[in-house]
Amino acid sequence: MAYINKEQVKQIRESLKKEFPEIKFSVRGENHSSVYVSILKSPYDFSDIPHYRSNYHTSINHFHVPDCIHKNLFEKVLRIIKTGSEKTWFDKSDSMTDYFHVAFYIHLYVGNYEKGYEMIPWEEAKKSVKKRVVKKSSKKKTKGISKSKANQLASDFMSSI
């Protein structure tokens, strides 16, 4: 029976945030059996996805990721969803015997049902990365890092993409 708890959904959310600081995700669990992940804001242009509409959500099939420029990005997001928590995703289904058994259900979207997807400029994405680096350092009990160090870390990260 498919099952995932709140803590495991939270671990997936944190893993996605850590791996993709330039992307704003919505990660939620539903009925203790499903994980819904939506990409709300990012500097990526997803207009080449089949059936894409920017003012609505577009579903990404996790069994067959569409052929598009960002196929590797979607595959990496799905890999993190499947392995980003203490519960690793599995699929022990057998269609020949009508047996269906998965760890949890995965729903991946670009955009939100109500708001759609917002593409932001790379400069704005860099600023959000800098803010997160500074926030993380200020949350620590230690002295933290200087603004110049935060800028350097953010620029290093953005150049690695």
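## Two loop residues

Let's start with His51, which sits in the loop between β2 and β3 (58-60). Strands here are DSSP runs of E with at least two residues, and helices are runs of H or I with at least four, numbered from the N terminus. His51 has a positive phi of about 65° although it is not a glycine. Most residues other than glycine have a negative phi. His51 counts as exposed because its relative accessibility is 76% (exposed means over 50% relative accessible area, buried under 20%, partly exposed in between, with a 1.4 Å probe and protein chains only).

Asn31 lies in the loop between β1 (24-30) and β2 (34-42). Its phi is also positive, about 55°, although Asn31 is not a glycine. With 65% relative accessibility, Asn31 counts as exposed.

## About the model

This is a predicted model, where local features need pLDDT of at least 70 and side-chain atom pairs count only at pLDDT 80 or more, while totals for chains, interfaces and linings use all residues. Residues are numbered from 1 along each chain as its sequence is written, and side-chain values use heavy atoms, leaving out hydrogens and water.

Now meet α1, a helix of 14 residues (6-19). Gln8, Val9, Gln11, Ile12 and Leu16 are buried in α1. They cover an arc of only 155° around the axis (taken from the directions from the helix axis to the C-beta atoms), so they are on the same side of α1. On the other side of α1, Lys6, Lys17 and Lys18 are exposed.

What do the buried residues of α1 pack against? Their partners are β1, β2 and α2 (71-83).

Conventions
The expected span of a helix is 1.5 Å times one less than its number of residues. Contact means heavy atoms within 4.5 Å.
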